Amino acid sequence: MSSDTLTLKVEFGGGLELLFSNKRIRDVTIPAFVPGDSSVPSPESESIQPTSLKQADVTFLLHYLREKHLTDRPELFMEKDTVRPGILVLINDTDWELEGEGDYVLKDKDEIVLISTLHGG
């Protein structure tokens, strides 16, 4: 790991893995500093101005997962800038509501678990 990237373990459960190529666990490497608006830069995009950077947070990770790993039905994963209601997010086994939700600044080797609690009926 270099100081300009973070390696995270992301796990999906409760059926959410079906939207991510049926892969329950992913090791994800993201930049340590990301655009201030949490957008995921494309390889063709212009370089990011240093003043527009922030430390990578869970909001960026959600956008990154949607843009780079989601293979089906994005509306079932995110609503606006956060996960849809009914998706439980754990950061290192702690409910993300206790960690600041999307504002939680990620650290190398963090474990993020996303579990859908919604069931058809």
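## Basis

Helices (H or I, at least four residues) and strands (E, at least two) are DSSP runs, numbered from the N terminus. The model is predicted: local features need pLDDT of at least 70 and side-chain atom pairs pLDDT 80 or more, while totals for chains, interfaces and linings use all residues. Residues are numbered from 1 along each chain as its sequence is written, and side-chain values use heavy atoms, with hydrogens and water left out.

## Aromatic pairs

Rings of Phe, Tyr and Trp (its six-membered ring) pair if their centres lie within 6.5 Å; planes under 30 degrees apart count as stacked, over 60 as edge-to-face and the rest as tilted. The count by this rule is three aromatic pairs. Phe12 and Phe20 are stacked, because their ring centres are 4.0 Å apart and their planes at 10°. Both residues, Phe12 and Phe20, are buried (under 20% relative accessible area; exposed is over 50%, partly exposed in between; 1.4 Å probe, protein chains only). Phe12, Phe20 and Phe77 make up one aromatic cluster.

Phe60 and Tyr64 form a tilted pair, with 6.1 Å from centre to centre and 35° between the planes. These two lie four residues apart in helix H1 (residues 58–68), so about one helical turn separates Phe60 from Tyr64. Phe60 is buried at 1% relative accessibility, and Tyr64 is buried at 15% relative accessible area.

## Largest pocket

On a 1 Å grid over the protein atoms alone, a pocket is an open set of points with protein on both sides within 12 Å along at least five of seven lines, and lining residues have an atom within 4 Å of a point. The lining of the largest pocket includes Gly14, Gly15, Leu16, Arg84 and Pro85.

Conventions. On a 1 Å grid over the protein atoms alone, a cavity is a set of points where a 1.4 Å probe fits but cannot get out, and a pocket is an open set with protein on both sides within 12 Å along at least five of seven lines; lining residues have an atom within 4 Å of a point.
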